[in-house]
Every structure is written in C-alpha cells, then in structure tokens.
Amino acid sequence: MRVLADPLRARIVTLLAGEALCTCHLVEETGAKQTNVSNHLRVLRDAGLVDTEPCGRFTYYRLRPEALDGLAAQLGDLADAARAAHAEGRKRPCP
C-alpha cells in the first residue's frame, strides 16, 4: 500500500491499467522528468506491480492485475475488520 501512496506512482498505475506504456509515454502523460518516472517504475517493478517488455530500444511497462487483486483482498479484509470493530463498539480503554 505504501508503494501506491505516492501520487505520481498512483498516476502511473492508473495509466498502465489502460495500456502498456514506455517511459516516454509516461513522461508525456505525467509531465514528470524522465529520471523521476524511471525511479518510480523501478519501485513499482520491485514491488511486483509491473512487468517489463523489451521492444527494440524501448521498454514497455504493463500492470500486473494479479498483484492488485492481492492488494484489493488485503484492503477488503481491513474494511471487514473495521466494520466488525465498529458494529461491536470495540475500543481499547485508556490506562
């Protein structure tokens, strides 16, 4: 979740949800500098959220939907736990 907390990374993920893009496309779409976009793509790749596909002298990035499915399941579990705690009125007493 921390990986997607950065606004530029969240924007990159949103763009990659629609199609595979190379760094030059992402620079154009986000207005960020190439080095900044590349660093964010490295973080997303290291987190397992994107795959790379070499294409000539370019590298295309593609979102891994199964990685997002896992994250969505974790968020769903957290939401369920919060609903249960709220419904039961659970709160920790102060010392």
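Q: Two strands pair when DSSP finds at least two bridges between them. In this predicted model, how many bridges join β1 to β3?

A: There are 2 bridges between β1 and β3. The rule asks for at least two, so β1 and β3 count as paired. The two strands run antiparallel.

Q: What makes β2 and β3 a pair?

A: Here 6 bridges join the strands, and the rule needs at least two, so β2 and β3 pair. They too run antiparallel. Across this pair, E53 stands opposite Y60 in β3, and D51 stands opposite R62 in β3. The hairpin of β2 and β3 has 2 residues between the strands, and G56 takes a positive phi near 65° in this hairpin.

Q: Why are β1 and β2 said to stand at the edges of the sheet?

A: The sheet is open, has 3 strands in the order β1-β3-β2, and is paired in antiparallel fashion. β1 (21–22) and β2 each have a single partner strand, so one side of each is left without a neighbour in the sheet.

Q: Why is the contact between R64 and D51 called a salt bridge?

A: As a general point, side chains of opposite charge can pair when their charged atoms come close. The closest N and O atoms of R64 and D51 are 3.5 Å apart. A salt bridge needs an Arg or Lys side-chain nitrogen within 4 Å of an Asp or Glu carboxyl oxygen, so this pair qualifies. R64 lies in the loop between β3 (58–63) and α4 (65–88), while D51 is in strand β2 (residues 50–55), so the pair ties together parts that are 13 residues apart in sequence. These two residues also belong to a network of salt bridges that links D51, R64 and E66.

Q: Why are α1 and α3 called roughly perpendicular?

A: Their axes cross at roughly 75° and come within 10 Å. Angles of 65 to 115 degrees count as roughly perpendicular, and α1 and α3 are therefore described that way. The contact is made by L8, R9, I12, V13 and L16 of α1 and by N36, V37, H40, L41, V43 and L44 of α3.

Q: What makes N36 partly exposed, and how far is N36 from L8?

A: The relative accessible area of N36 is 33%. That value lies between 20% and 50%, so N36 counts as partly exposed. N36 is found in helix α3. N36 and L8 are 28 residues apart in sequence, and their C-alpha atoms are 9.2 Å apart in space.

Q: Which residues have the most contacts inside the largest nonpolar core, and which elements supply the core?

A: In soluble globular proteins, nonpolar side chains tend to be buried together. In this model, the largest nonpolar core has 15 residues, and I12, L16, L26, V37, L41, L44 and V50 have the most contacts inside it. Helices α1 (7–18) and α3 (34–46) and strand β3 each supply at least two residues of this core. The largest share, 5 residues, comes from α1.

Q: Which residues does L16 touch, leaving out those up to four places away in sequence?

A: L16 touches L21, L26, L41, V50, Y61 and L63.

Key:
Residues numbered from 1 in each chain as written. Predicted model: local features only at pLDDT ≥ 70, side-chain atom pairs only at ≥ 80, totals over all residues. Heavy atoms only, no water. Helix = DSSP H or I, 4+ residues; strand = E, 2+ residues; numbered from the N terminus. Core = buried A, V, L, I, M, F, W, Y, C linked by side-chain atoms within 4.5 Å. Buried < 20%, exposed > 50% of the residue type's maximum accessible area, 1.4 Å probe, protein only. Contact = heavy atoms within 4.5 Å. Axes fitted to C-alpha atoms, helices over the stretch in contact; angles between N-to-C directions. Parallel < 35°, antiparallel > 145°, perpendicular 65-115°, else oblique.
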